[in-house]
Number of protein chains: 2
Amino acid sequence: MNAAASKPAIVAVLMERSIGIGLLGAGTVGGALVRRLVGESDAIAAKTGLTFDVRRIGVNDLERERDFEVTEGLLTDDPFEVVNYPTVALVVEVMGGKDPAGDLILAALEAGKPVVTANKELIASRGPELIAAAERAGVPLLFEAAVGGGIPIIRPLSETLAGERLDRVLGIVNGTTNYILTQMAEEGASYAAALAAAQELGYAETDPTADVSGADAAAKAAILASLAFGTWVGVEDVYAEGIEDLTAVDMSFAAEFGYVVKLVAVCERTADGVSARVHPAMIPLDHPLASIRGAMNAVFIEGVAIESLLFAGPGAGGEPTATAVLGDVIDAARETLAGAQVAPRIRFSPGDLVPFADIQTRWYVRLQVDDRPGVLAQIASGFGDAGVSIRSVWQEGVDDEAALIVVTHSAPEASQREAIASLRKIDEVIEVASVIRVLGTNP
Amino acid sequence: MNAAASKPAIVAVLMERSIGIGLLGAGTVGGALVRRLVGESDAIAAKTGLTFDVRRIGVNDLERERDFEVTEGLLTDDPFEVVNYPTVALVVEVMGGKDPAGDLILAALEAGKPVVTANKELIASRGPELIAAAERAGVPLLFEAAVGGGIPIIRPLSETLAGERLDRVLGIVNGTTNYILTQMAEEGASYAAALAAAQELGYAETDPTADVSGADAAAKAAILASLAFGTWVGVEDVYAEGIEDLTAVDMSFAAEFGYVVKLVAVCERTADGVSARVHPAMIPLDHPLASIRGAMNAVFIEGVAIESLLFAGPGAGGEPTATAVLGDVIDAARETLAGAQVAPRIRFSPGDLVPFADIQTRWYVRLQVDDRPGVLAQIASGFGDAGVSIRSVWQEGVDDEAALIVVTHSAPEASQREAIASLRKIDEVIEVASVIRVLGTNP
């Protein structure tokens, strides 16, 4: 469909000032959004001068009971009917998943309809294509809810900080894993016990893989890095390591050394280019992210002029996420009411991506060793030969075995891995029990 | 001047995509802005597709040395020349003060030129008039830098959270006083010594009145409350009490009881209406605002759906504030490029303001008393007769004088004041040494 040809009709609908919403997905976020659009309509109208009317909702199962009022004909199991419905002037996608969400959003944009989505997975993989489609159509594509749930972070990054030279964005962007790690750190719980508790409380899914593997956080890291640095970083460019191998022992060593272990999204710009990664990291206890507990999320931004900013709040949940979606809906409607082609908020320029192997970090390495003379010298050589210098060593003997903890200075990921591989070849090294990267004092 | 008539010319200028900026004021923020617009122009163009050109700068003193390059004819001491200059398409006001800034902004808006300002004092006193003028002209009036310096807070409040029912906004919005209070709390410094240190470091002006009296924070509280609740709260509606009477003794009592004293802007909505006030308050040590130290600022937002959000960062300084101004400049330019009338982002509806006398708070009261039998009973009656119930009492005798500390339950300001007045009439009460409101567990 041709955007220019369809636009006058859309503008006419918008001009009534009651804006027809087509909703794709009616789960936790979608349901909360419908209830808010109905229940808060007077308050929204008073604050913004806009009224909204949900005209079509695309769902998988027409028969399921809903937690909002359903009028005759409101629900459909054909999502393209939602997008193409004549009086739907704005499409909200909260169904999740890459397919068919991507094609639905493209169809909406091509029909000249603004789109609001909470779909981190889709934006992190097809962002530039979707943003280009929105630019061609001259309508907004907004996705504040894709990162940080109810925390306003996309708009601050892409608008308020558009003129800032950002160096680094650190995020605790997955509530499930932060809840699990908080339980492990504060209650001494094992990973399995903490995961079970999270599942009990509804903080973790029955299949927790997407959260605990770091995949969910990786999609968010890709979006944060792309917006912060203006160079596209796709989810496939993000190194992701999960929390499944963390132990209560390492959590307690971390505390002893003045750190706490968090699953962190790290987006960086250096002279060599930009990068994004997700992995467990030891964070100094006095860092603002160290105090983000339970299912909370936070994003910490470092820039030349603004020094550092912290945004913290609920990173998930139907109601907070619906707030972010609703803010975008209001913004998109307001901008589209003007009737003109909307200039894009985000542009990406080509730039270098730093391969993960070249990323500089410090490592905490816990080894089980036979406590014999000379073992420390061998281990030190293992690090030294790989070009990794040791910052501190801590040893605790139990009978003739010893726990040996080495914290390194900053070195490239590849060198650190080479050092670990060589340690594994030392006879006295019973086990490289754990390896955790250390944040803080930068390279 | 007629907005509609002047608009085509402006649009034509904007269409070149090099946007002419007229700058009012070239102090710390203005200077930083000019340096950024020049030095970062490639980065800004890459990220936003926009280029900017500073065409006229209004200054008080043409002869003063500048920390940016000044081409022939760039400076003028006639601010209206800046606003009316033909190729100035966007006006940035960072001169401060109500006059003539207000008339200059009105003139710019009436000429159909978007305006970006950092002027909290002006917005807090003439906000509705200026916003209405922007609405008539169909151009943006943005003021992200007016509150929280480099912290993005205006746009999140007025846009991302537009669909949220906010209950309370708490802010540490003055860096000077937070620096002084941090020194007092952590170093045991007296108010006078901490103020002198702040002046030494450039955190406080030679005449610190606007900061230490709470007047600066009151203007910011007015803006935060107005945006959060959608009902206009002017600076004249904000009760303001400064930090001049705080003592190191009370800081140390606060710490002993698990609190820290901060100058807090409190914006609330209750069933009775909305309110905003600024005063020193004891904050529980586990509250996120308690950890905001030194010249940092932070805003803590509570809402029905989003639960709570924290925004923290540098609240002042030329560079961070210039980042916020620059974000607004980019946003205003992007929106205006579309060429259409811009719908306003903020609307105010009538609503009730709760008088300060009716505001419910808890009080910490420190008394010097003669340590005679029956004195506590008299004091308890003083509170009881005023309808204020006591939560806890703490007494420490020194010879036959005693320090008596009373923490009350929540009661209206008027009742608390009545209680204090009655205490002053008790013979054994040597002095009501200090009175500090206590935040936390709400009414």
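Which residue in strand 12 of chain A stands opposite I301(A)? In this predicted model, the residue that stands opposite I301(A) is L309(A), in strand 12 of chain A. The two strands concerned, strand 11 (residues 296-303) of chain A and strand 12 of chain A, run antiparallel and are joined by eight bridges, and a hairpin of three residues leads from strand 11 of chain A to strand 12 of chain A. Strand 12 of chain A is mostly covered, in that six of its eight residues are buried.

The pairing of strand 12 (residues 307-314) of chain A extends to the other chain, where three bridges join it to strand 12 of chain B, again with the strands running antiparallel. Among the residues involved, A312(A) has L310(B) as its bridge partner in strand 12 of chain B, while L310(A) has A312(B) as its bridge partner in strand 12 of chain B.

The contact between the chains takes 52 residues from chain A and 52 residues from chain B. On the side of chain B that touches chain A, two or more residues are given by each of helix 3 (41-48), helix 7 (154-160), strand 12 (307-314) and helix 13 (318-337) of chain B. Helix 13 of chain B supplies the largest share of this side, namely 11 residues. Sorted by class, the side of chain B that touches chain A comprises 25 nonpolar, 13 polar and 14 charged residues.

Within chain A, a further packing arrangement concerns two helices. The axes of helix 6 (residues 120-137) of chain A and helix 11 (residues 215-229) of chain A come within 8 Å and cross at roughly 50 degrees. The crossing of helix 6 of chain A and helix 11 of chain A is left-handed. On the side of helix 6 of chain A, the contact is formed by K120(A), E121(A), I123(A), A124(A) and G127(A), which meet A219(A), K220(A), A222(A), I223(A) and S226(A) in helix 11 of chain A. The residues of this contact between helix 6 of chain A and helix 11 of chain A divide into five nonpolar, two polar and three charged.

Notes. Residues are numbered from 1 along each chain as its sequence is written. Chains are lettered from A and ligands numbered from 1 in the order in which they are written. This is a predicted model: local features need pLDDT of at least 70, side-chain atom pairs count only at pLDDT 80 or more; totals for chains, interfaces and linings use all residues. Axes are lines fitted to C-alpha atoms, for helices over the stretch in contact, and angles run from 0 to 180 degrees between N-to-C directions. Helices (H or I, at least four residues) and strands (E, at least two) are DSSP runs, numbered from the N terminus. A crossing is left-handed if the near helix is turned anticlockwise from the far one by less than a right angle, and right-handed if clockwise. Two residues are in contact if their C-beta atoms, placed from the backbone, lie within 7 Å. Ala, Val, Leu, Ile, Met, Phe, Trp, Tyr, Cys and Pro count as nonpolar, Asp, Glu, Lys and Arg as charged, and the others, Gly among them, as polar. Two strands pair if DSSP finds at least two bridges between them. A residue is buried if 20 or more other C-beta atoms lie within 10 Å of its own, exposed if 12 or fewer, and partly exposed in between; C-beta atoms are placed from the backbone.
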